[in-house]
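Dear colleague,

Please find below the structure that I am handing over to you. A description of the findings follows it.

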Amino acid sequence: MRVYNFNGGPATLPQEVLEQAAAEFLDWQGTGMSVLENSHRAKEIVKLFEDVSACFKRLLSLDDDWQVLFIQGGATMQFGMLPLNFAADGGPCDYVNTGLWGTKAFKEAKQCGAKARLAASGEDNDFTRIPQTFDFDRQARYIHLTSNNTVRGTQWAAFPKGVPAPLAADMSSDFLSRPLDLSEFGLVYAGAQKNIGPAGLAVVLIRKSFAEKAAPPKTLPTIMNYRVYMESDSMNNTPPVFAVYMAGLVASWVENKIGGLEKMARINQGKAKALYDAIDQSGGFYKGTADPGSRSLMNVTFKLPTEELENAFKSQAAKNNLVGLGGHRSVGGLRASIYNAMPMEGVKALIDFMAEFKRVNG
Ligand SMILES: *Cc1c(COP(=O)(O)O)cnc(C)c1O
């Protein structure tokens, strides 16, 4: 039987998507073979890439200045690719640090030779809040931020406006969870395993006019050059076809089953509100760890009065088919990741369990 999977990532996927993948696993689209066994040069796979890319473009209302790329190496590869392509010549770039992943992205930019500096950091308040004031460098080639902080459970409700350089965002853990106004953005990337599919793939949205400003060093490996992906439609080498196929099934689930990003956002707001209400109305037994104004709709982080209770909570929840509720190993506590694919029934089951656990232990 299937459990409710609250893991931070790899995370739960829509049941309909898994069923469709299973149903067509042995014979995909009448090719007589699995999607895994097809050549990436086969016309069906070329069309698959076009269709998946078109689905992302429709969902996000991207115009022709944007291109969708499929790149291996997850979000972590993007931590390096972005500075290597745009600032490896010692060029200036700004980072807003809102947690563990933002810290890693910032360190990697320096490692890659960029003149990376912090335009704001949530470190002073232990990353419980999204910064509201920024010290942007007018010369910056881009401004990097993390839209949703998977570990701390904070999320940008709105992005900075009127910025002096294009925003480049790690949206790994809230991609396709809400509509996006990308007018200030040059690039967006998302590791797939939180909201859109299998680990190892990153979906990258790149604005062509931003890509033109790339200044990659001559020594940059071909496989790390955005332009190579743009010119080859992400097929310079054998691409992760199965991961792209799965991401495509998830994207069309959002488009056709849910009805688009506005509807997805409304569902996500409803789930998050129900869970935060349960935390806030527990008389202090459950305590949210993020500042209420910066709370994530994807990763709900909270604590219990003691670590013993937290351990008991996790193990008893698992016996009730509610799994993956431990906080990230760097911060402890509890975390319920309620990505797109977590149904309201799963959130309700968790809320019921929380009430019962409090009744017995509170
Ligand atoms: C999970 C995560 C990453 C790391 O993704 P990998 O695919 O493992 O490289 C980076 N950024 C954010 C916001 C994440 O949630």
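Gly-288 stands opposite Phe-302 in strand β12. The model that shows this is a predicted one, in which local features need pLDDT of at least 70 and side-chain atom pairs count only at pLDDT 80 or more, while totals for chains, interfaces and linings use all residues. Residues are numbered from 1 along each chain as its sequence is written, and side-chain values use heavy atoms, with hydrogens and water left out.

β11 and β12 (residues 299-303) are joined in the antiparallel sense by 2 bridges; two strands count as paired if DSSP finds at least two bridges between them. Strands (E, at least two residues) and helices (H or I, at least four) are DSSP runs, numbered from the N terminus. The pair belongs to an open sheet of 3 strands with antiparallel pairing, in the order β11-β12-β14. β11 (287-288) and β14 (334-337) are the edges and have a single partner strand each, so one side of each is left without a neighbour in the sheet. Helix α8 (residues 261-280) packs on this sheet and touches β11, β12 and β14, contact meaning heavy atoms within 4.5 Å. The direction of α8 makes about 10° with that of β12; axes are lines fitted to C-alpha atoms, for helices over the stretch in contact, and angles run from 0 to 180 degrees between N-to-C directions.

**The seven-stranded sheet**

A further open sheet has 7 strands in the order β2-β10-β9-β8-β5-β3-β4, with mixed pairing. Its edge strands, β2 (66-72) and β4 (115-121), each pair on one side only. On average, neighbouring strands of this sheet are turned by 20° against each other, direction ignored. Within the sheet, β5 (residues 143-146) and β8 (residues 167-170) run parallel and are joined by 4 bridges, with Ile-143 opposite Leu-167 in β8. Helix α2 (residues 43-59) packs on the sheet, touching β2 and β10 (201-207), and its direction makes about 125° with that of β2.

**The helix pair**

The axes of α9 (residues 307-319) and α10 (residues 344-361) come within 11 Å and cross at roughly 130°. The two helices are therefore oblique to each other (angles under 35 degrees count as roughly parallel, over 145 as roughly antiparallel, 65 to 115 as roughly perpendicular and the rest as oblique). The contact is made by Leu-309, Ala-312, Phe-313, Gln-316 and Ala-317 of α9 and by Leu-350, Phe-353, Met-354, Phe-357 and Asn-361 of α10.

Yours sincerely
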